[in-house]
Amino acid sequence: MSALKVGLSVRRLLPLNYATARQLTKRTFYLYSPEPFHPIHGKEPVWKSAEEAVTVVESKQRVYVQGGAASPLKLIQSLADFGIKNQLRGIEVIHAPTQLDCVFSDQKYEGIFRTNSFYISDPKVRQAVHEGRGDFVPIFLSEIPLLFRRGLFNLDVALISLSPPDKHGFCSLGTNVDCTRSAVQNAKYIIGMVNENMPRTFGDGIIHSSHVDVMVQNDELLPEFTGMKLTPEIHEIARLIADDLVQDGATIQTGIGSLPNAVFDKLSHHKNLGIHTEMFSDGVIDLVEKGAITNANKTIQTGKIVSAFALGTKRLYDFLDDNSFVALCDCSFTNNISLICQNPRVTAINTCLEIDLTGQVCADSIGSMIYTGFGGQVDFIRGAALSLDGEGVPVVACPSTATRGDNITSRIVPSLKPGAGVVTTRAHVHYIVTEYGICNLFGKNLRQRAYELIKLAHPNYREGLEKAAFERLKCMPSP
């Protein structure tokens with residue numbers, strides 16, 4: 001019998017009745033609790049090398065891999081090597097929201113591994129999906145845990161990173177709790193890479209070592225993300241948002257990319273800001289040190305920065321380590337609209353790839369090519385719009401133009417490219433920001449929306465957009 005089958009725990013057999021479960025295993029504790037927090041008396045993980053640990057994986061299995069800065073790189077490479085050496089076939093690799101370097105998407109692994117991503121951040125994964133060698137699941141970040149908790153995606157093996165166990169045997173999922181907590185609850189077999197460099201974080205990411213089947217010691221440096229170059233256009237967009245849309249006492253959400261850090265750079269004179277977001281990076285640290293972020297006015301987890309994951313440099317990882325000011329939580333909590341809207345002055349700052357003249361926002365694809373994913377944009381756009389205090393500010397921001405190679409195009413377009421997906425609908429959209437200004441589309445008709453959006457477009461494209469709007473609407477755009 002394989003180690004995987006021996007390692008089955010009853011928490012992963014919840015559909016079975018009690019009698020059947022007792023026949024399969026004596027470990028009956030999980031019949032009523034799938035939680036990974038409590039200690040299991042008499043059970044300890046087995047310590048192995050990475051190469052030994054991954055030998056549990058078999059063809060046609062489904063493997064979850066933690067992402068972002070918590071990607072267990074040694075385990076990932078060991079599994080890739082094991083797959084080739086043993087001629088495994090048809091292994092489905094489920095990715096957490098962010099991938100930094102997904103070796104499984106390399107062409108040499110075709111037929112052995114097939115990635116299935118909830119969000120795409122690695123160009124290799126993007127290319128694999130485009131070429132039909134990988135898969136993509138359109139889904140809100142808030143709902144990914146439901147796939148595991150409802151048994152729609154059942155996992156054979158989970159590869160995760162952990163901080164070292166404390167004297168009571170508790171570890172932390174480190175920088176990425178997101179949907180990893182729910183994956184741990186679901187997986188039949190858990191391999192944890194213990195890393196001295198992984199920050200011990202608080203929130204939902206605490207897991208007792210007795211829930212881990214195999215532990216591997218590997219003290220590799222965490223991947224770092226320094227962000228993209230800040231252009232003059234990004235700086236101007238950030239200034240507009242900070243000066244005109246972020247109020248003192250606001251609760252801020254930001255997505256990934258260069259814009260969030262640019263906005264944070266310009267908020268140092270604000271007071272009593274709070275953070276409730278899906279992710280954050282180094283830009284938050286300076287505001288904490290300057291006293292601009294206190295989280296004092298927040299309704300949900302007052303006094304704490306709340307996020308599902310964090311990605312940045314070593315400075316950020318040192319900030320996270322053993323820091324009670326930060327709670328990294330399950331993304332079904334951080335991105336829950338009914339919770340987001342309870343915080344004061346929720347200001348959701350997100351980006352996009354393209355906006356049409358009616359306000360449809362494309363943020364996940366370039367034409368039919370999947371580029372990123374839904375992430376948490378809609379969760380927070382809706383949460384801000386429904387703010388109980390009536391002062392929420394849902395923002396979608398982007399430079400007025402996009403440059404791809406030698407080709408410069410307008411991001412504000414008459415119609416989205418053929419095959420492009422709508423992430424934020426024209427009924428959900430509120431504030432749009434480019435380097436040319438701000439407009440609020442909420443409550444505006446199509447003629448008024450076209451007028452406002454054309455003002456935010458690059459001057460070189462405004463005449464063409466006005467003509468296209470007339471052709472589409474059969475009237476001139478006007479306020």
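This report walks through a predicted model of a protein chain, from its confidence to its helices, cores, salt bridges and strands.

## How confident is the model?

Let us start with the confidence values. The protein chain has a mean pLDDT of 92, and 93% of its residues reach 70 or more. One stretch to treat with care is residues 5-32, where the pLDDT is below 50. In the model, this stretch still has 47 contacts beyond near neighbours in sequence. Where pLDDT is low, the predicted coordinates should not be read in detail.

## Helix 4 and its surroundings

Helix 4 covers residues 73-85, which makes 13 residues. From its first C-alpha to its last it reaches 18 Å, close to the 18 Å expected at 1.5 Å a residue. Just after this helix comes Gln87, with a positive phi of about 55 degrees.

Several residues of helix 4 are buried: Leu75, Ile76, Ser78, Leu79, Ala80, Phe82 and Gly83. They pack against helix 3 (50-53) and against a set of strands, namely strand 2 (62-65), strand 4 (113-117), strand 6 (157-162), strand 8 (189-194) and strand 11 (214-217).

## Helix 8 and its surroundings

Helix 8, residues 232-244, also has 13 residues and reaches 18 Å between its end C-alpha atoms, close to the expected 18 Å. Its buried residues include Ile234, Ile237, Ala238, Leu240, Ile241 and Ala242. Among the elements that cover them are helix 9 (258-265), strand 18 (346-351) and strand 23 (393-397). Strand 27 and strand 28 also belong to this cover, and we will come back to that pair below.

## Two nonpolar cores

In soluble globular proteins, nonpolar side chains tend to be buried together. Here, the largest nonpolar core has 72 residues. The residues with the most contacts inside it are Tyr64, Phe118, Phe148, Ile241, Leu259, Leu267 and Phe280. Helix 8 supplies the largest share of this core, six residues. A second, separate core holds 32 residues, including Leu75, Leu88, Val157 and Ile191.

Leaving aside residues up to four places away in sequence, Leu267 touches Ala242, Val246, Ile252, Leu273, Leu287 and Ala292.

## Salt bridges

Side chains of opposite charge can pair when their charged atoms come close. The structure holds 18 salt bridges. In one of them, Arg62 pairs with Glu92, and their closest N and O atoms are 3.0 Å apart. Arg62 lies in strand 2 and Glu92 in strand 3 (residues 91-95), so this pair ties together parts that are 30 residues apart in sequence.

Other pairs sit within a helix. Arg239 forms a salt bridge with Glu236, with 2.7 Å between the closest N and O atoms. These two are three residues apart in helix 8, so about one helical turn separates them. Arg239 is partly exposed at 34% relative accessibility, and Glu236 is partly exposed too, at 27%. Together with Asp243, Glu236 and Arg239 are linked in a network of salt bridges. In helix 11 (residues 314-320), Asp318 and Lys314 are four residues apart, about one turn of the helix. Their salt bridge brings the closest N and O atoms to 2.9 Å apart. Asp318 is partly exposed at 45% relative accessibility, as is Lys314 at 46%.

## The pair of strands 27 and 28

Strand 27 (residues 431-434) pairs with strand 28 in the antiparallel sense, over four bridges. The two are joined by a hairpin of two residues. Tyr431 has Asn440, in strand 28, as its bridge partner.

In a regular strand the side chains alternate between the two faces of the sheet. Strand 28 (residues 437-440) has a covered face with Gly437 and Cys439, and an uncovered one with Ile438 and Asn440.

## A buried glycine in a loop

Our last stop is Gly373, found in the loop between strand 22 (369-370) and helix 14 (377-385). Is Gly373 buried or exposed? Gly373 is buried, with a relative accessible area of 4%. Beyond residues up to four places away in sequence, Gly373 touches Tyr119, Phe136, Ala363 and Asp364. The C-alpha atoms of Gly373 and Leu221 are separated by 28 Å, and these residues are 152 apart along the chain.

Key
Residues numbered from 1 in each chain as written. Predicted model: local features only at pLDDT ≥ 70, side-chain atom pairs only at ≥ 80, totals over all residues. Heavy atoms only, no water. pLDDT = per-residue confidence, 0-100. Contact = heavy atoms within 4.5 Å. Buried < 20%, exposed > 50% of the residue type's maximum accessible area, 1.4 Å probe, protein only. Expected span 1.5 Å × (residues − 1). Core = buried A, V, L, I, M, F, W, Y, C linked by side-chain atoms within 4.5 Å. Salt bridge = Lys/Arg side-chain N within 4 Å of Asp/Glu carboxyl O. Pairing = 2+ DSSP bridges.
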